[in-house]
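Trainee: Before we look at anything in detail, please take me through how to read the features of a model like this one.
Mentor: Gladly; have the sequence and the structure open beside you, and ask as we go.

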Amino acid sequence: MIAKNTKTLLCTALVLGLVCSGTPQMTAQAAGKAKLKTKNVSMTVGQKKKIVIKKMNKKAVYRFVSSAKSKASVSKKGVITAKKAGKVKVTVTEKYKKKTRKLGKVSVTVKAANDKPIVQPSPSATQGVVTPPISTPQPVVTPQPDTTPKPDETQRPDETQKPDETNQPSANMEPIAQYLEDKNYDAPAGFDRVDNSVAGVVEDITYDSTVIKEGEIVQRKAKVVLPKDYSEDKKYPVVYLNHGIFGNETSLYGDKVQNVIWNAIAEGVAEEMIAVFPNGCANEYNGQGPYDGFSVQHYAGYNNFLNDLKKCLMPYINEHYSTKTGREYTAIGGFSMGGRVTLHIGFTLQEDFRYIGAFCPAPGIFKHNDYGVNENGLFTRETFTLQEEYMDDTLVMIVKGGNDDIVKNFPQDYTDALTENHVPHIFYEVPGGGHDGGVYKPGMYNFFRRIFHEKE
């Protein structure tokens, strides 16, 4: 009996010892698992907040996926950027040693900013304006950043589109890297020739703008360039092209830019696309009234075009034409003042534009004192950059003429800042080129053949 009881007690002790020795280990493993600390986030449009994970494994990879990027995007490091009013779920997962574990979801509530209708800014009393002779074209300058109309994040231009059509990843598009590596900047002979056999149609449109006068609707004009055999049964990407100072919606049309597009499509180097030539001075005079000179008031109209494009023109185009929507199908480009407008819009509305082309861009992006006007600039050198999620998925092109004595070295200054900020981009100078179509039209040709390509 004693031997039998002793054996039983020993077996029991052994089992208890194994269980007890394993318990601290299992408890430690459970205690060591990463958990979401952030469960609910309330934000206003424009705010950034970071998702906090307790006991993160330094060897694991954490992934953050937003259910609606148009409302709130999330960086690879878990930083949420509020873009548009609404509710969003962010799914957080952990991958470690080929195993993926779901940590949970973060509920994000984005509240609208309390934005008021746009009012045209007035110049500071300390700003001096010197008007150069009209017979000598001069570069464009821009108003102070604190007077620059800011985009209304509560209303997106593609609100009428289905959510699954907008702001989606560019996984179905050719990677930007291959177009950055393409160092061929030549344009073939006859690239801008008039050839009716490949021409499409140009339509004149009038759309309502709500950002010109507070509480009023102002009608504005634009030209829409359609590809040959345009059909409502197909959908097309869209490029918005901006004119220089003293121009309007007829300027690029008069310089035959539409032929550059049509010829590139016919040659098979560019995708079929819709091009829009707007009036880039979004004030009540459309650049033709008392603010038509080199003045802060005039330049404020060009800054305000960001709001006109975002809230009024883009929705009109998407409603009345058969367009593909989303940043991978939307581009913006421009010459001189239009180049400055392009950089302003492209780098402000990064979630809307995958392709940004600035040709002989005018001053005003950074602080400067040029032609008697002292401006703080639209960006600082540090803020002139791309968000992490768009850094390798945006085509930025800047072109200048080697003998351009109008915008001088400002385009070089812009590319230097992008290089300092490690932003991949294309910059090239046309030897002997000036401030004219001999530089910007070949530049646009090179831009057109690098945009909108889908994977085969």
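Trainee: Which residues does Val106 touch, not counting residues up to four places away in sequence?

Mentor: First a word on the basis: this is a predicted model, in which local features need pLDDT of at least 70 and side-chain atom pairs count only at pLDDT 80 or more, while totals for chains, interfaces and linings use all residues. Residues are numbered from 1 along each chain as its sequence is written, and side-chain values use heavy atoms, with hydrogens and water left out. Contact means heavy atoms within 4.5 Å, and on that reading Val106 touches Leu36, Thr38, Lys39, Asn40, Val41, Ile51, Val88, Lys89, Val90 and Val92. Val106 belongs to strand S9 (residues 99-111), and the C-alpha atoms of Val106 and Val88, 18 residues apart in sequence, are 8.2 Å apart in space.

Trainee: Is Val106 buried or exposed?

Mentor: The word buried is used for a relative accessible area under 20%, exposed for over 50%, and partly exposed for what lies in between, with a 1.4 Å probe and protein chains only. Val106 has a relative accessible area of 0%, so Val106 is buried. For the protein chain of 456 residues, 53% count as buried.

Trainee: How many helices and strands are there in the protein chain?

Mentor: Helices (H or I, at least four residues) and strands (E, at least two) are DSSP runs, numbered from the N terminus. By that assignment the protein chain has 8 helices and 19 strands. Among its contacts between residues at least 6 apart in sequence, 75% join residues at least 24 apart. Leu306 is in helix H5 (residues 296-320) and is buried, its relative accessible area being 0%.

Trainee: Which residues of helix H7 are buried, and where do they lie around the axis?

Mentor: The general idea is that an α-helix has 3.6 residues a turn, so residues three or four places apart point the same way. In H7 (residues 410-420) the buried residues are Phe410, Pro411, Tyr414, Thr415, Ala417 and Leu418. Because they cover an arc of only 155° around the axis, they are on the same side of H7, the arc being that of the directions from the helix axis to the C-beta atoms. Their cover includes helix H6 (337-348), strand S16 (368-370), strand S18 (395-401) and strand S19 (426-430). Thr415, with a relative accessible area of 5%, is in contact with Ile398, His425 and Phe427, leaving aside neighbours within four places in sequence.

Trainee: At what angle do helix H4 and helix H8 pack?

Mentor: Axes are lines fitted to C-alpha atoms, for helices over the stretch in contact, and angles run from 0 to 180 degrees between N-to-C directions. H4 (residues 257-266) and H8 (residues 437-448) pack at about 35°, with their axes 10 Å apart. Val257, Val260, Ile261 and Ala264 of H4 make the contact with Tyr440, Lys441, Met444, Tyr445 and Phe448 of H8. These residues divide into 8 nonpolar, no polar and 1 charged, where Ala, Val, Leu, Ile, Met, Phe, Trp, Tyr, Cys and Pro count as nonpolar, Asp, Glu, Lys and Arg as charged, and the others, Gly among them, as polar.

Trainee: What is the phi of Phe246, and what is the phi of Phe452?

Mentor: Most residues other than glycine have a negative phi. Phi of Phe246 is near 70°, a positive value, and phi of Phe452 is likewise positive, near 70°. Phe246 lies in the loop between strand S12 (238-242) and helix H3 (251-254) and is partly exposed, at 37% relative accessibility. Phe452, in the segment after H8, is buried, with a relative accessible area of 2%. Just after H7, His422 also takes a positive phi, of about 60°.

Trainee: How many disulfides does the count come to?

Mentor: A disulfide is a pair of cysteine sulfur atoms within 2.5 Å, and by this rule the count comes to 0. As for individual cysteines, Cys312 counts as buried at 7% relative accessibility, and Cys360 counts as buried at 0%.
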